[in-house]
Amino acid sequence: RQIAAFGPRDVIVAISFAPYAAEVVALCDTAAARGVPLVAITDSAEGAIARAVPDAVLVREGTINDIRAIAVTSTVIQTIFAALGLGDAEVERGGN
């Protein structure tokens, strides 16, 4: 339902790993159909959410007793948002 409020000036960051959450897959398909920019963080270029975007950030996490570790994914997310913040700072200083 909330996807209806998103437009081309927004961006959705979708994170899902096999087995992919049906809600995230549906969100990615809807965002792609509506032209909403989408960043996918996932485990496979052939996975359900990677197919909805031109480029996906692929993350390989380890598992312990079938529990997925999230250290690598957390680092990727922090890096993306830090870069976005640095980009905003550059714009404020008059750069590109």
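## The sheet

Three strands make up an open sheet, ordered β1-β2-β3, with parallel pairing. Two strands count as paired if DSSP finds at least two bridges between them. Strands are DSSP runs of E with at least two residues and helices are runs of H or I with at least four, numbered from the N terminus. The edges of the sheet are β1 (12–15) and β3 (56–58), each of which pairs on one side only. On average, neighbouring strands are turned by 15° against each other, direction ignored. Axes are lines fitted to C-alpha atoms, for helices over the stretch in contact, and angles between N-to-C directions run from 0 to 180 degrees.

β1 pairs with β2 (residues 38–42) in the parallel sense over four bridges. Ile-12 stands opposite Leu-38 in β2, and the bridge partner of Ile-15 in β2 is Ile-41.

## Basis of the model

The structure is a predicted model, in which local features need pLDDT of at least 70 and side-chain atom pairs count only at pLDDT 80 or more, while totals for chains, interfaces and linings use all residues. Residues are numbered from 1 along each chain as its sequence is written, and side-chain values use heavy atoms, with hydrogens and water left out.

## Chain overview

The protein chain contains two helices and five strands, arranged along the sequence as β-α-β-β-β-β-α.

Contact means heavy atoms within 4.5 Å. Among contacts between residues at least 6 apart in sequence, 51% join residues at least 24 apart.

## Helix α1 and the crossover

Helix α1 (residues 22–34) lies across β1 and β2 and runs at about 145° to β1. The covered face of β1 carries Ile-12 and Ala-14, whereas Val-13 and Ile-15 are on the uncovered face. From β1 the chain crosses through α1 to β2, and this β-α-β crossover is right-handed: with the strands pointing away from the viewer, the path from the first strand over the helix to the second runs clockwise.

## Ser-16

Ser-16 is located in the loop between β1 and α1. Its relative accessibility is 5%, so Ser-16 counts as buried. The Ser-16 side chain reaches the backbone nitrogen of Ala-21 at 3.2 Å. Not counting residues up to four places away in sequence, Ser-16 touches Ala-21, Val-24, Ile-41, Thr-42, Asp-43 and Ile-49.

## Glu-61 and Thr-73

Glu-61 belongs to the loop between β3 and β4 (63–64). Glu-61 has a relative accessible area of 11% and is therefore buried. Apart from neighbours within four places in sequence, Glu-61 is in contact with Arg-68, Ala-69, Ile-70, Ala-71, Val-72 and Thr-73. Glu-61 and Thr-42 are separated by 19 residues in sequence and by 9.9 Å in space, C-alpha to C-alpha.

Thr-73 is part of helix α2 (residues 71–92). This residue counts as buried because its relative accessibility is 7%. With neighbours within four places in sequence left aside, the contacts of Thr-73 are Ile-15, Phe-17, Ile-41, Val-59 and Glu-61.

Conventions:
Buried < 20%, exposed > 50% of the residue type's maximum accessible area, 1.4 Å probe, protein only. Polar contact = N/O pair within 3.5 Å; in protein donor to acceptor, adjacent residues only side chain to side chain.
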